[in-house]
Amino acid sequence: MPLVTYLQFFSRPFDILFTPFRRIVVAFWHSLFVRLGSSIACASVLASTTTNPASVAAGTSTATMAAPKKKIAVMTSGGDSPGMTAVVRAVVRTAIHMGCDAYCVYEGYEGLVQGGDFIRQMEWHDVRGWLSEGGTLIGTARCMAFFERAGRLTAAKNMILNGIHALIICGGDGSLTGADKFRSEWPSLVDELVANGELTKDQVAPFTHLNIVGLVGSIDNDLSGTDATIGCYSALARICEMVDYIEATASSHSRAFVIEVMGRHCGWLALMAGVATGADFIFIPERPQDQDWKADMSTVVRRHRKMGKRKTIVIVAEGARDRDGTKITPTEIKDLLADKSEGGLALDTRITTLGHVQRGGTAVAYDRMLGTLQGVEAVKAVLEATPETETCFIAINENKIVRKPLMKAVQESKALAKAVDDKDFDMAMQLRDTEFADQYKSYMTTTNVMVDDRKLPEKARMKIGFVNVGAPAGGMNAAVRAAVAYCIARGHEPVAIHNGFAGFARHHDDKPLGAVRPFDWLEVDGWASKGGSEIGTNRELPSDSGMELIANLIEQYEFDALFLVGGFEAFHAISQLRKARDEYPSLCIPMTLLPATISNNVPGTEYSIGSDTCLNELVYYCDKIKQSASATRRRVFVIETQGGRSGYVATLAGLAVGASAVYTPEEGMSLEMLNADVNHLKEVFRNDKGQSRAGRVILINEKASKVYDAKLIASIIRDEAHDRFESRESIPGHVQQGGVPSAMDRCRAVRLAIKCIKHLELFGRNARNHVKRDPASTSVIGIQGSEVVFTPMVDLEESGTDWPNRRPKAAHWLGIRNTVDMLSGRPPYPKPEKSLTGLIAKDTKRGLA
Ligand code: ADP
């Protein structure tokens, strides 16, 4: 085993322990070996980890005595996408952290073929501030030479001459296919370079095999095996923003708009945009209309107009076709909508082609997190790979980051494109992931609400009460809209209980503005992109409103089921209702909760709707604040985040903006840790050579400490800085609840809400005894790892809930804290007493929401 590999293997068990402890151990070995003058010591320092950039720099002087460092290169290739710079930053810093040299190959494969200045070693500071940059800062290109063996031969030579052992490629399926070909050909390329005398045997000896790991950077979300590609949610966010703008003008003039979005073989963007904006009609390549699309679209649009809608939005993917494979163009759609002949729709119609706007701008929080966590995982994967390991790419399934065989995914993606070309549309849908199929069904439900053909038999139809509980969160309205749509389509009777349980208890009479009201679909249909909660919301628990009164009201209104949307209060409310069932038989109806809170602190799920909206608000806020320091450069902002007693939002925002430190309630705070962080800031500013003008950010959750708050910390830093740098506090407050919900929150809200009503449907009407016995009759829907599940309340109440702290007992995201610290170069600090985070096993693969 090569020395460095051996030492990495040796240090790996410490990975399981939390990083600071590992560093202490490493520091001990370091000092011991250095004193012994052993060359092994140097390698140990290199192979183990040195987060602090200053010590990294110090470590390099001794490196020459040891086995050579592993050199890891990263490149971006093919079409650019937001989040690629996050990947490059994460790979560079993780590689340095793991004791390797980091390289960037500029301009994709073109740079690899050209060599020379296109392949550059990167230092820790070179990637500072990259998280907030769109596109890719190391360039990308399409390279014809790499399609030929001769080009790949030159690329191999350049890699060996630069001593690069492993390559991480972020690109689309084309780039990843090229990567796999390069790796499989590698031994023969090396032999050829020796045979034709371009390199010697000694030169190629350390490079007998090449490790490659792929990361999927693409706005189309067109690779099989992963739920999301890096950049797709940013593109979707941009599309939804544009559609939201267009809707306002469409509605004013009662116009129709045909909006063309990207996607040659893949309709993910068009489908999700349709779901998130509540578009009237969509065209996607994978699923053309069964019959004549012209007739289908005319029927739907006419129905919606008859209902009273003032606007018509049609979203078309650029690769849309009809069942015969003939391309459907925006102009054809427009002509049909604008047709003034007898029986025509005669709508004032405009076409908007969104084009490259969809690729542009900075990455949304999700893409920054995805790019970062996947970049970290990619470095681990290349270091762990052996000649026998199959080439992998890093995927995400629901909420879990996983390694998957690269070529299988590429082949499946190609098969999908071929299925579309061959007009085998059933196969095309099968090759898409479950979420795509789910969302397609969701979309069809919400756009075909008034169609009678899917109604349940009379006796199976239920009267379902809708209650929003707690603070408003982005996506609540989208959830209610989707659930109402599904209810109407199935023949159920959805009823709004306005202003939570408080409203129910106090204003339940029959006056026109009483709390219990039927939904008006025409109104509800416009809620897809609305922030806040249109049916109101209230924090009051049923016990506060009066349990007997609530039970009587449920009886009085003859509800067969309750659908709750909300955060921890909603969780508490449903728990109270479940426990009161013995006393009040009217409560023996199925109830389910869709978690919706910016704090993401509901037990039973790793993701609550609204948390993505909040993260985006925070990330953009931090970007702006960091930029505001560019005149002075030397400024630290201490920003207070919401989140109750859950540090989720602070930590994930910290990951997405590259915070210098994050303070959470789970970890707590102490004087020693603050001291360590202040000392680190002093060192950072001492060594700062002005590479980036942006300020630095520290995030503190509102309940991280009873003593230290943003203002106090900023004052301490300012005082300690002695005018060498400045510090300011900043409190975004309710801005974090967001205006317009994020595209991801809207899409997930729709999918999960429909699943909730389907779950309630399982219990049917008048099944009191059966309901009481079945623990699943009061449950929480959640994303857990790679699955969407309903967890019975009784299980969560007993073993999954930290009641005093109003959060789940096990927070899936705690491991991410180490990644935040590692990537910002935060040195080890003393953990406060009773810190939860030190006790939780490190697991950065989980917890991306
Ligand atoms: P994307 O990665 O976004 O799908 P492309 O399909 O244009 O973009 O691929 C980017 C680059 O990857 C190409 O210009 C080429 O250099 C390389 N590449 C793509 N397919 C192959 C292949 N089959 N063999 C070798 N190289 C390839």
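**Where two helices cross**

Modeller: Let's go to helix 7 and helix 8: Arg149, Arg152, Leu153, Ala155, Ala156, Lys157, Met159 and Ile160 of helix 7 meet Lys181, Phe182, Glu185, Trp186, Ser188, Leu189, Val190, Glu192 and Leu193 of helix 8. Contact here means heavy atoms within 4.5 Å, and helices (H or I, at least four residues) and strands (E, at least two) are DSSP runs numbered from the N terminus. Sorted by type, the residues of this contact come out as 10 nonpolar, 1 polar and 6 charged. (Nonpolar covers Ala, Val, Leu, Ile, Met, Phe, Trp, Tyr, Cys and Pro, charged covers Asp, Glu, Lys and Arg, and the others, Gly among them, are polar.)

Before we move on, keep in mind that this is a predicted model, where local features need pLDDT of at least 70, side-chain atom pairs count only at pLDDT 80 or more, and totals for chains, interfaces and linings use all residues. Residues are numbered from 1 along each chain as its sequence is written, and side-chain values use heavy atoms, with hydrogens and water left out.

An unreviewed UniProt entry lists Gly79, Arg142, Cys143, Gly172, Asp173, Gly174 and Ser175 under "binding site". These residues span 97 residues in sequence, yet no two of their C-alpha atoms are more than 14.3 Å apart, so they gather at one spot.

Two of the listed residues are worth a stop. Asp173 sits in helix 8 itself. Its relative accessibility is 25%, so Asp173 counts as partly exposed (buried is under 20% relative accessible area, exposed over 50%, partly exposed in between, with a 1.4 Å probe and protein chains only). Setting aside neighbours within four places in sequence, Asp173 is in contact with Leu223, Val410 and Ser413. Cys143 belongs to the loop between strand 3 (119–122) and helix 7. With a relative accessible area of 8%, Cys143 is buried, and beyond residues up to four places away in sequence it touches Tyr109, Glu110 and Val113.

Other cysteines are tucked away too: Cys100 is buried at 3% relative accessibility, and Cys614 is buried at 0%. The structure holds 0 disulfides, counting pairs of cysteine sulfur atoms within 2.5 Å.

Stepping back, the protein chain has 31 helices and 24 strands. Of its 849 residues, 62% count as buried. Among contacts between residues at least 6 apart in sequence, 79% join residues at least 24 apart.

Just after helix 31, Gly825 takes a positive phi of about 75 degrees.

Definitions and conventions. UniProt positions are given in the numbering used here, feature names are shortened, and annotations may be inferred rather than shown by experiment.
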